[in-house]
Amino acid sequence: MITLFEPNYQGLPIIPVQTRRGQKNVIDELAQNVMDLDDVAEILNEGSDCSRSKRRKGVLEKCINRGNKTIKVVVQRGFIELGNEECWELIHVGKFTKRGLK
């Protein structure tokens, strides 16, 4: 197992990945939301599942509330080519205003 990568979630490193052509770049999303991978790890470890619909196997969507905002991160299981090690690939970061409870 690779231990050089920090931060991690469930013992696997978190790495940002390039999304499909035409979509936002996850690095840009991190910068826009003034976040880094440590923030992502914190949300994955402390946040709760917030998927609004069924996601494919190996994809996690977690959220955490901060003030009047909800921060969401989406990761999927992947592999680091070097050594073919498993990892979490960060594919989306978003921040939105919390909705009132009904």
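This is a predicted model: local features need pLDDT of at least 70, side-chain atom pairs count only at pLDDT 80 or more; totals for chains, interfaces and linings use all residues.
Colleague: In which sense do strand β1 and β2 pair, and over how many bridges?

Modeller: Strand β1, residues 8–9, pairs with β2 in the antiparallel sense over two bridges. As an example of such a bridge, Asn8 has Pro13 in β2 as its partner. The hairpin that β1 and β2 form has two residues between the strands, and Gln10 takes a positive phi near 55 degrees there.

Colleague: Which strand pairs with β2 in the parallel sense?

Modeller: That strand is β6, residues 85–97, which pairs with β2, residues 12–16, over three bridges. Ile15 has Glu89 in β6 as its bridge partner, while Pro16 stands opposite Leu90 in β6.

Colleague: Is β2 mostly covered or mostly open?

Modeller: Strand β2 is mostly covered, as four of its five residues are buried.

Colleague: How many bridges join β5 and β6, and in which sense do these strands pair?

Modeller: Strand β5, residues 69–80, pairs with β6 in the antiparallel sense over 12 bridges.

Colleague: Why does Cys50 count as buried?

Modeller: The reasoning needs one cut-off: a residue is buried when its relative accessible area is under 20%. Cys50 counts as buried because its relative accessibility is 17%. Cys63 is buried as well, with a relative accessible area of 9%. For Cys87 the relative accessible area is 0%, and Cys87 is therefore buried.

Colleague: Where is Glu29 placed, and which side chain does it join in a polar contact?

Modeller: Glu29 is in helix α1, residues 26–32. Its relative accessible area is 7%, so Glu29 is buried. The side chains of Glu29 and His92 are joined by a polar contact of 3.1 Å. The side chain of Glu29 also reaches the backbone nitrogen of Val93 at 2.9 Å.

Colleague: Which residues does Glu29 touch, not counting those up to four places away in sequence?

Modeller: With those sequence neighbours set aside, Glu29 touches Lys24, Ile91, His92 and Val93.

Colleague: Where is Gly47 placed, and is it buried or exposed?

Modeller: Gly47 is in the loop between α2, residues 37–46, and β3, residues 48–49. Gly47 counts as buried because its relative accessibility is 14%. Not counting residues up to four places away in sequence, Gly47 touches Glu42, Lys62, Cys63 and Ile64.

Colleague: How far apart are Gly47 and Glu61 in sequence and in space?

Modeller: They are 14 residues apart in sequence, and their C-alpha to C-alpha separation in space is 9.3 Å.

Key. Residues are numbered from 1 along each chain as its sequence is written. Side-chain values use heavy atoms; hydrogens and water are left out. Buried means under 20% relative accessible area, exposed over 50%, partly exposed in between (1.4 Å probe, protein chains only). A polar contact is a pair of N or O atoms within 3.5 Å; within protein, one must be able to donate a hydrogen and the other to accept it, and residues adjacent in sequence count only if both atoms are side-chain atoms. Contact means heavy atoms within 4.5 Å. Two strands pair if DSSP finds at least two bridges between them.
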